[in-house]
Amino acid sequence: MTKKSVKLTVNGKSYAATIDPRLTLADFLRHSLDLTGTHVGCEHGVCGACTVLVDGRSARSCLMFAVQANGREVTTIEGLAPAEGELGVLQRAFREHHALQCGFCTPGMLTTLTELLRDNPTPTEEEVRDVITGNLCRCTGYAGIVAAALDAAERLRVGGE
């Protein structure tokens, strides 16, 4: 099979690689770039654990080929923090509201909710619940996740803290 060249930006850093055209974006991120925060669960796009932002929009990285990300901007869980060793507002809210237990769904939840809070700074509880329906969590019962998202929205509206 003919390899393909790709150039993309991941978490603000440019990458160029020559890859198998069948390589998923999830596998490229995890195995080629060593960004293992993107989790792979079902590999069918159902669980949402592999959700990343592509050009600012949530996408299932297990369903997308890495070549489809050529020339695009990808943000993973590693790119959500404002700086190394710091947590963003939503990440802090997750910690404070006990919105994670095993943590497997957390990267997909955070990227999905990042998009929601960017596009809708005043979401209702129903809107938060609706947007995370594509992300499965077996541990939390979702209450902490919803509370964290609503708290983060409030914090972001009043200046980030």
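Mentor: A salt bridge is a side-chain nitrogen of Lys or Arg within 4 Å of a carboxyl oxygen of Asp or Glu. Keep in mind that this is a predicted model.

Trainee: Okay, so how many salt bridges does the structure hold?

Mentor: There are 9 of them. Take Asp55 and Arg72: their closest N and O atoms sit 3.0 Å apart. That pair links distant parts of the chain, 17 residues apart, with Asp55 in the loop between strand 3 and strand 4 and Arg72 in the loop between strand 4 and strand 5.

Trainee: Is Asp55 buried, partly exposed or exposed?

Mentor: Buried means under 20% relative accessible area and exposed means over 50%. Asp55 comes out at 43%, so it's partly exposed, and Arg72, at 31%, is partly exposed too.

Trainee: Which residue forms a salt bridge with Arg155?

Mentor: Glu96 does, with the closest N and O atoms 2.2 Å apart. Arg155 is in helix 5 and Glu96 in helix 2, so the pair ties together parts 59 residues apart in sequence. Arg155 is buried at 12%, while Glu96 is partly exposed at 39%.

Trainee: And how do I read a nonpolar core?

Mentor: In soluble globular proteins, nonpolar side chains tend to be buried together. Here the largest nonpolar core has 22 residues, and Leu90, Phe94, Met109, Leu113 and Ile145 touch the most other members. Helix 5 gives the largest share, 6 residues.

Trainee: What does Ile145 touch, leaving out residues up to four places away in sequence?

Mentor: Its contacts include Phe94, Met109, Leu113 and Ile132. There's also a second, separate core of 16 residues, with Leu8 and Val52 among them.

Notes
Residues are numbered from 1 along each chain as its sequence is written. This is a predicted model: local features need pLDDT of at least 70, side-chain atom pairs count only at pLDDT 80 or more; totals for chains, interfaces and linings use all residues. Side-chain values use heavy atoms; hydrogens and water are left out. A nonpolar core is a set of buried Ala, Val, Leu, Ile, Met, Phe, Trp, Tyr and Cys residues joined through side-chain atoms within 4.5 Å. Buried means under 20% relative accessible area, exposed over 50%, partly exposed in between (1.4 Å probe, protein chains only). Helices (H or I, at least four residues) and strands (E, at least two) are DSSP runs, numbered from the N terminus. Contact means heavy atoms within 4.5 Å.
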